[in-house]
Amino acid sequence: TESIVATPWQEVPALYRRLKKTTSGELAMRFLILTVCRADSVCGARFDEIAGDIWTVPVSRVKGMEGKTKDFRVPLSTEAMKVVEICKQKRNSEYLFPGHRGRPIIGNTLLEVLNDLDEPGRPHGFRSSFKDWTREVHSGLWELAETSLNHKIGDKTERSYHRSDLLEPRRKLIASWSEFVAAREQPRLTVSS
């Protein structure tokens, strides 16, 4: 299979700065980049899924085999919370990113945003951008990056011992990514032994 085109991580801040409109599509694209979640999770995001600075994606919008996945908690950075606040000000729906007839936007809306900006990278590719950035800027945080992407780590036995979703360490990594994306300096994370 052909891999999905990803925006090189070094170019993500410049692209992010071009997302200036407060349309559902551009706000959702900003949220997708900042949270590194899948398009389906982002497009269907609802206000009642956010408590404080934690967004809980319900299992119905989490990729995985039925009965093998669970709700996924996503720490929201300061920049992601700014997107939420803009959505609240515009609120006319239960969804952060409403489309037509009270329904949420769909993945094609995100594609249109990128196409309008002449950006070859695809929405799902920002997950790769994040992964490459983590490997190059914060090497040694593989497990945190994988958990941030809601990927399964290890075999069945190993996973049976993984009871934590590493929310607090992920919060630091996602905050660092968001600071990079929003083009503000952020100190390097260090791996504690």
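Is R101 buried or exposed? R101 is exposed, at a relative accessible area of 83%. Here exposed means over 50% relative accessible area, buried under 20%, and partly exposed in between, with a 1.4 Å probe and protein chains only.

## Basis of the model

This is a predicted model: local features need pLDDT of at least 70, side-chain atom pairs count only at pLDDT 80 or more, and totals for chains, interfaces and linings use all residues. Residues are numbered from 1 along each chain as its sequence is written, and side-chain values use heavy atoms, with hydrogens and water left out.

## Overall layout

The protein chain has nine helices and three strands. Both kinds of element are DSSP runs, numbered from the N terminus: helices are H or I with at least four residues, strands are E with at least two. From the N terminus on, the order is α-α-α-β-β-β-α-α-α-α-α-α.

Buried residues make up 45% of the 193 residues in the protein chain. The chain exposes about 11,000 Å², and carbon and sulfur atoms supply 50% of that area. Accessible areas come from the Shrake-Rupley method with a 1.4 Å probe; for residues, only the protein chains shown count as cover. A contact means heavy atoms within 4.5 Å. Among contacts between residues at least 6 apart in sequence, 63% join residues at least 24 apart.

## The nonpolar core

In soluble globular proteins, nonpolar side chains tend to be buried together. In this model, the largest nonpolar core holds 49 residues. Such a core is a set of buried Ala, Val, Leu, Ile, Met, Phe, Trp, Tyr and Cys residues joined through side-chain atoms within 4.5 Å. F31, I33, W55 and F97 touch the most other members. Helix α2 (residues 24-35) gives the most to this core, with seven residues.

## Helix α4

E79 and K82 both belong to helix α4. E79 counts as buried, at 8% relative accessibility. K82 counts as partly exposed, at 41%.

E79 and T35 are 44 residues apart along the chain, and their C-alpha atoms are separated by 9.9 Å. K82 and F31 are 51 residues apart along the chain, with C-alpha atoms separated by 9.6 Å.

## The loop between α4 and α5

P98 lies in the loop between α4 (78-90) and α5 (107-116). Leaving out residues up to four places away in sequence, P98 touches S24, N92, S93, R103, P104 and I105. P98 and G25 are 73 residues apart in sequence, yet 8.9 Å apart in space, C-alpha to C-alpha.

R101 is placed in this loop too. Its phi is near 55 degrees, a positive value in a residue other than glycine.

## D118 and G125

D118 is found in the loop between α5 and α6 (125-137). D118 is not a glycine, although its phi is positive, about 55 degrees. This residue is exposed, with a relative accessible area of 71%.

G125 is in helix α6. G125 is buried, with a relative accessible area of 0%. Residues up to four places away in sequence aside, G125 touches I4, V5 and A6. G125 and I33 are 92 residues apart in sequence and 9.5 Å apart in space, C-alpha to C-alpha.

## The cavity

How many cavities of 30 Å³ or more are there? The count comes to one. A cavity is a set of points, on a 1 Å grid over the protein atoms alone, where a 1.4 Å probe fits but cannot get out. Grid points are joined across faces, edges and corners, and a volume is the space filled by probe spheres set on the points. About 80 Å³ of space lies in the largest cavity.

Lining residues have an atom within 4 Å of a point. The largest cavity is lined by 13 residues. Of these, C37, R38, S41, F72 and N150 lie nearest its centre. By class, the lining has six nonpolar, three polar and four charged residues. Ala, Val, Leu, Ile, Met, Phe, Trp, Tyr, Cys and Pro count as nonpolar; Asp, Glu, Lys and Arg count as charged; the others, Gly among them, count as polar.

How values were computed
1 Å grid on protein atoms, 1.4 Å probe; cavity = no way out; pocket = protein on both sides within 12 Å on 5 of 7 lines; lining within 4 Å.
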